[in-house]
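Take a look at the structure below. Keep it in view while you read.

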Amino acid sequence: MKNVMIIGGDGFCGWPTALHLSAQGHNVTIVDNLSRRRIDEDLGAESLTPIKSMDERLAAWKDVSGKTIHFSNIDIAKNVSGFAQLIASSQPDTIVHFGEQRAAPYSMRGLEEKMYTVDNNISGTHNLLAIIADLGLDPHIVHLGTMGVYGYDGDGLEIPEGYLSVKVEGDDGQMFDRDILYPTNPGSVYHMTKSMDQLLFQFYAKNNNFQITDLHQGIVWGTQTDETRLDERLINRFDYDGDYGTVLNRFLMQAAMGHPLTVHGTGGQTRAFIHINDTVRCIALAVANPPAKDGKVKILNQMTETHRVRDLAKLVADVAKAEVAFVDNPRKEAAENDLKVSNKTFLDLGLKPTTLAEGLMDETVGIASKYIHRVRENTVACVSTWTDEQKPGVVKPDAVKTQDRAA
């Protein structure tokens, strides 16, 4: 059993991870300032699934499992002394860091959102590292990063797990072998902060010999895990709004509403995906397998499959009997890209992925249809744009071109 601190444990990935690690027997403490709930209020959006208060969530877990998860309401980006005191008193063996603003569209929404994303994400990550160094502690840090640090303009080369082996020619013609961080190409302010996280981790791993695992994750789909299914009070988030809803959740809600599935641009953007159940399993595998103390960050690609967006739309359309529509792309990105990703480490550790083909019906019928009465239809469209030229960017139902599902 380990003492595990989960920063951002009230969020979409953090909450089911907290339950999963608790179920495995770890002593779990959640640290969260509940900012995701406040952002919902600011956006006039909310999870399709009903999310209980933190007190109710923790009581429900105690009821069904007999286990206690501790909770501290702390803003790690601002309350440095309170965060330091908590780490000093709890002496965690492992710290799982989810505590960052996670939505690319939200980070591009406007001036305040851009500033908040950078201030929150970078300050929180560096505060964590600096506090641990100051206290002289040595926990294993597991950070949830994103495949998006590499961008989506790829030419089809396989993205390795973090590092690129290169040869550099010296002045005398001698060749030197180097392992460098795989070049980043962030496509949003959010992805930029994750790219900056990598350099912070690289420095502290080298300077303080920290054990750090950085997980570059694909788009997470699915809602429930084995633990969140135990009681409706434990249910996980289902975000479908234009800022926080993933492309799959947006398609599912549009299908449930009888609206065409709006594909941005040509739909040729290739994305990496992973089911939420596989996410918590990967986190548990990372916790159980800390890296060597060799001054190098362990970087793993946390994804299980890739799909072009238009192919994903067709998968949903075939299941939900919906139409597909192509609309202007609010993002500044290549119209078409290939994406090949190595995920060898997690497969070697025993991960058995849940595929979209296997689990899509459960999401469509079990979640989208069950809670459709809670939908706020005006929040589904993507209104955050990447450049001034793309404004206003609001997708109108009568302004899209639809195609037959068989096309």
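The model is predicted: local features need pLDDT of at least 70, side-chain atom pairs count only at pLDDT 80 or more, and totals for chains, interfaces and linings use all residues. Residues are numbered from 1 along each chain as its sequence is written, and side-chain values use heavy atoms, with hydrogens and water left out.

**The cores**

A nonpolar core is a set of buried Ala, Val, Leu, Ile, Met, Phe, Trp, Tyr and Cys residues joined through side-chain atoms within 4.5 Å. Buried means under 20% relative accessible area, exposed over 50%, and partly exposed in between (1.4 Å probe, protein chains only).

The largest nonpolar core has 33 residues. Ile6, Ile69, Val96, Leu215 and Ile283 touch the most other members. Elements giving two or more residues to this core include strand 1 (3-7), helix 1 (14-23) and helix 9 (276-288). Helix 9 gives the most, with seven residues. Helices (H or I, at least four residues) and strands (E, at least two) are DSSP runs, numbered from the N terminus.

Contact means heavy atoms within 4.5 Å.

**Two helix pairs**

Axes are lines fitted to C-alpha atoms, for helices over the stretch in contact, and angles run from 0 to 180 degrees between N-to-C directions.

| Pair | Axes come within | Crossing angle |
|---|---|---|
| Helix 4 and helix 6 | 10 Å | roughly 55° |
| Helix 1 and helix 9 | 9 Å | roughly 55° |

Helix 4 is therefore oblique to helix 6. Helix 1 is likewise oblique to helix 9. Angles under 35 degrees count as roughly parallel, over 145 as roughly antiparallel, 65 to 115 as roughly perpendicular and the rest as oblique.

In helix 4, Val80, Phe83, Ala84, Ile87 and Ala88 meet Asn127, Leu128, Ile131 and Leu135 of helix 6. Pro16, Thr17, His20 and Leu21 are the helix 1 side of the other contact. Its helix 9 side includes Ile276, Ile283 and Val287.

**An enclosed helix**

How many of the eleven residues of helix 8 (residues 247-257) are buried? Nine are, so helix 8 is largely enclosed by the rest of the structure. Among them are Asn249, Arg250 and Gln254. Gly258 follows helix 8, and its phi is positive, near 80°.
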